[in-house]
Amino acid sequence: PRAMRPHPEGVLPVGNAYLLPPEEAAASARAKRDGLGAFAPLDDALILRVLAGGDGDDDEGVGPDALACLACCSRAARAFAYHEDLWKAATLRAVGGDFRFTGGAWRRTYARCVRAMPTEGVGGGGAGRRGDAPVGGGDRSKTIFSDALYLRHLGAHLPLDPEWLAVDSIPRVDARDVNPARFSRDFESVNRPVIVSGLCADWPATTGAWTRDRLLATHGDVEFTVGGYQMRLRDFYAYGDEARDDLPLYLFDKKFCEKAPSLAAEYSPPDVFADDLFALLGEDDRPDHRWLIAGGERSGSGFHKDPNATSAWNAVVAGRKKWILFAPDATPPGVHPSADGSAVVQPVTLVEWYMNFYGHVYETDEDDGDEDDDEEKDDDEEEADEPDTTALRTGYNGRNGRNGRNGRN
């Protein structure tokens, strides 16, 4: 199994402090307090919130220049100032999707793509790095204990538990055994998800046209929507290769056929999904209905219900895609929607949800963990789509993790 990568600033969870002799734990807490200065009375999560700014688009926090200066003050201050989310946000605010991810860190990407900043202030390496000689308090020999800092690192680097991917409870059928009538009777009319194998086997997209090398050769400079920003496909692949985000950006583009018209000719809706009532509105008036989706490991969406009470089919062209679905009237553990459903509070990342709540999915009042409970099986379904499989979701709450490319209609 892959080992867990240490935090680059030596941060550990707060609970680890209890493993130290009391005098060493007290010394570490004192060094952190001294190193943070005026920030010390604040909770760690609140410090990050102050540095990052609020939820409004016009609140950019302290800004990258102040972060670079803060990183030079002490080891504790540097651990906060180097937090990847802060530099990710700074980069995206400054250049949107017009960047090439560099050096395995968002702060180095900012330094290269946004402005030439001194590497010692932005997390470069080499001799003379001022961050290695903290001033204003803080002892480099003392470990920093912080759940707020460590949790996001854990989400990015924790090896994925094979048990999270093992359950496959959604029915599978072969494309040769299903026709529109059977599909409607057995799945659509009873609001039941299904995986159909081989349904897109004859698409050019699944027979070589949408391989990475081919897409880069034909559409490498096309800008697709990635995380809400326009980004060249070749830069997106470079980001996927280099970045280790706990919440990775992923490509989700509803205009891909307009941006790259040849892609529209390389797939077609299967016959079993031909009954499309929105088509009666015409192409100009119908809601958005097709997306190109691609993402690396750990990327994906939170729990949500699709708009307009629609059903959707997803075809996996390459890689794997994990789904976990709940019936419309079932609330997933760890997810707290508002009364009107307009807002949802849930873990920030997929890994955080799987770590803390996946084990509760199959629990019932009578049985705390029986995955074979028939009644509970009616409320949740799981699947891991493989290439050349097509999945239908009908009215379910869904959360999915992506590691590949798939077309959705």
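This is a predicted model: local features need pLDDT of at least 70, side-chain atom pairs count only at pLDDT 80 or more; totals for chains, interfaces and linings use all residues.
Are W353 and Y358 buried or exposed? Both of these residues are buried.

## Overall make-up

The protein chain holds 16 helices and 14 strands. It has 409 residues, and 45% of them count as buried. The accessible surface amounts to about 19,800 Å², and carbon and sulfur atoms account for 51% of that area.

Contacts can also be sorted by how far apart the partners lie in sequence. Of the contacts between residues at least 6 apart, 73% connect residues that are at least 24 apart.

## Aromatic pairs

A search of the whole structure gives 22 aromatic pairs. One of them is formed by W106 and Y239, with 5.8 Å from centre to centre and 50° between the planes, a tilted arrangement.

W353 and Y358 make another pair. Their ring centres are 6.3 Å apart and their planes meet at 65°, so this pair is edge-to-face. The angle decides the class here, because planes over 60 degrees apart count as edge-to-face.

Aromatic residues also gather in a group. A single aromatic cluster takes in F183, F187, W203, W210, F256, Y267, F273 and W313.

## Helices α11 and α12

Two packed helices are described by the angle between their axes and the distance between the axes. Helix α11 covers residues 212-219 and helix α12 covers residues 233-242; they pack at an angle of about 145°, and their axes are 9 Å apart.

On the α11 side, the contact is made by R212, L215, L216 and H219, which meet L233, R234, Y237 and D241 of α12. Sorted by class, the residues in this contact are four nonpolar, one polar and three charged.

T102 sits in the loop that runs between α5 (84-95) and α6 (106-113). Its relative accessible area is 16%, so T102 is buried. The side chain of T102 reaches the backbone oxygen of R100 at a distance of 2.7 Å. Leaving aside residues up to four places away in sequence, T102 touches R108, T109 and R112.

R107 is placed in helix α6. Is R107 buried or exposed? At 8% relative accessibility, R107 counts as buried. Its side chain reaches the backbone oxygen of Y82 at 3.5 Å.

## D380 in strand β12

D380 is part of strand β12, which spans residues 380-385. With a relative accessibility of 0%, D380 is counted as buried.

Which residues does D380 touch, apart from those up to four places away in sequence? The contacts are S169, L325, F326, V361 and Y362. Y362 is 18 residues from D380 along the chain, and the C-alpha atoms of the two are separated by 8.2 Å.

N191 is not a glycine, yet it has a positive phi of about 60°. N191 occurs in the loop between α10 (180-188) and β4 (194-197). Its relative accessibility is 30%, so N191 counts as partly exposed.

R298 is another residue other than glycine with a positive phi, in this case near 80°. Where does R298 lie? R298 lies in strand β8, which runs over residues 291-304. R298 counts as buried, at 7% relative accessibility. The two residues thus fall on opposite sides of the 20% cut-off, because buried means under 20% relative accessible area: N191 stands at 30% and R298 at 7%.

How values were computed
Residues are numbered from 1 along each chain as its sequence is written. Side-chain values use heavy atoms; hydrogens and water are left out. Helices (H or I, at least four residues) and strands (E, at least two) are DSSP runs, numbered from the N terminus. Buried means under 20% relative accessible area, exposed over 50%, partly exposed in between (1.4 Å probe, protein chains only). Contact means heavy atoms within 4.5 Å. Accessible areas come from the Shrake-Rupley method with a 1.4 Å probe; for residues, only the protein chains shown count as cover. A polar contact is a pair of N or O atoms within 3.5 Å; within protein, one must be able to donate a hydrogen and the other to accept it, and residues adjacent in sequence count only if both atoms are side-chain atoms. Axes are lines fitted to C-alpha atoms, for helices over the stretch in contact, and angles run from 0 to 180 degrees between N-to-C directions. Ala, Val, Leu, Ile, Met, Phe, Trp, Tyr, Cys and Pro count as nonpolar, Asp, Glu, Lys and Arg as charged, and the others, Gly among them, as polar. Rings of Phe, Tyr and Trp (its six-membered ring) pair if their centres lie within 6.5 Å; planes under 30 degrees apart count as stacked, over 60 as edge-to-face and the rest as tilted.
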